Amino acid sequence: MGACMALCSLASCASCLCGSAPCLLCGCCPSSNNSTVTRLVFSFFLLLGTFVSVIMILPGMEAQLRKIPGFCQGGSTIPGVENQFNCDVIVGYKSVYRMCFAMTCFFFLFFIIMIRVRSSKDPRAAIQNGFWFFKFLILVGITVGAFFIPDGTFHTVWYYFGAAGSLFFILIQLILLIDFAHSWNKVWVEKAENNDNKCWYAGLLTFTLLYYALAFTAVVLCYVYYTLPDDCTEHKVVISLNLIFCIIISIVSILPKVQEAQPNSGLLQASLISLYTMYITWSAMTNNPNRKCNPSLLSLVSNVSTPATSADTGHSQWWDAQSIVGLIIFLLCTLYASIRSSSNTQVNKLLQTEEGGGASGDGEVGEGGVRRAVDNEEDGVTYNYSAFHLQLCLASLYIMMTLTNWYQPDTTTQAMQSSMPAVWVKVGSSWLGLSLYLWTLIAPLVFPDRDFN
């Protein structure tokens, strides 16, 4: 009897993995919509690839693999067995580049396939919302193939692809932060007005002051530790400009005309964006190859002076603070992008999504009692399939750059080096993000005939 029940359970799982109707998460989320389930599963694929990349780049992983008899070339051997694998490729930054290359190709493939899908009645929607086992096999196949790419110029070329893609993903992160702060502000203001409870206003004020305090602290620390009286001119200019820009967007966000056009805009959004901008500024300065202007966090904490070399030669410090913070922000933004249901029209247009809503209810029960998600996209998709996959494609490139600390591979020395292009990509993304947010504030004033609410 137990064996029969187990076979039935496996059959149910197989129908979810191989069928065209999504039911993967319905046991945990019985009232979930298929649009949400699909985004969560694709995000899980991305996080799974990220987890594998993290394992591959852990310090000492290559040494541990070489201890396996008969596995790595140049490692422990078994008499009569030839070691087949080049462990220089399957660990370290090379493995991260290949793993993220595979994820980028996987999501770019679905970006192409899902162009102009309008509803779940489109045959391609079945591919989007089901057949997860075969999708996983495709991802594994691309990943295996990526590890057979010859070294050559692959890492150098893919580095520039990663830098360009990461710039756009940083902008996407900023848009998601704007949307999150907008929704947060709107919900708490509505609760304060409906319940006549001023505590919600106090909460908004507290978080606003906290974000501004953290942003100001970051500015002070950047001036103290990442500038010198007679050097680091670029750092001084970038910090000063971003501080001025943050003050400008804060003032603009509370102007009477802006408040009249957008009642939900305010200092909460401006404070969160100011804090994120200062994080990007700090992250950019940590990629400066001039070690006098870029002391490591370890040297700051332990009060050990950094060697006064003008350039970085083969610098490869893994898992520094900015990479860890960047990874945490990435995880939060990816999760939020998967479950968001926003009423912010401007953000929805930028991210190619529609306003939250759609049918919801108890999960449908199919044959054999398998619970399936509600199809809330029969009349129209609730998000742009292609745009979502493009976001994940860019996220794969961002993860590659984050895990390798934005270091540029040197094919001659097989080392990773800091580079100024990475600095200016991050600085440029912060300026573009601030400009984008400023535009969302003044756009209703520039085009009063358009609906931005």
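The model is predicted: local features need pLDDT of at least 70, side-chain atom pairs count only at pLDDT 80 or more, and totals for chains, interfaces and linings use all residues. Residues are numbered from 1 along each chain as its sequence is written, and side-chain values use heavy atoms, without hydrogens or water.

The axes of α8 (residues 154-195) and α17 (residues 420-446) come within 9 Å and cross at roughly 30 degrees. Axes are lines fitted to C-alpha atoms, for helices over the stretch in contact, with angles from 0 to 180 degrees between N-to-C directions. Helices are DSSP runs (H or I, at least four residues), numbered from the N terminus. Contact (heavy atoms within 4.5 Å) involves Tyr159, Ala163, Leu167, Ile170, Leu171, Leu174, Ile175 and Ile178 in α8. Their partners in α17 are Ala422, Val425, Ser429, Leu432, Gly433, Leu434, Leu436 and Tyr437. The contact residues comprise 14 nonpolar, two polar and no charged. Ala, Val, Leu, Ile, Met, Phe, Trp, Tyr, Cys and Pro count as nonpolar, Asp, Glu, Lys and Arg as charged, and the others, Gly among them, as polar.

The lining of the largest pocket numbers 25 residues. Nearest the pocket centre lie Leu275, Tyr279, Trp282, Val325 and Ile329. A pocket is an open set of points on a 1 Å grid over the protein atoms alone, where a 1.4 Å probe fits, with protein on both sides within 12 Å along at least five of seven lines; lining residues have an atom within 4 Å of a point. Helix α9 gives the most to this lining, with seven residues. The lining divides into 24 nonpolar residues, one polar and no charged.

Methods. Helices (H or I, at least four residues) and strands (E, at least two) are DSSP runs, numbered from the N terminus.
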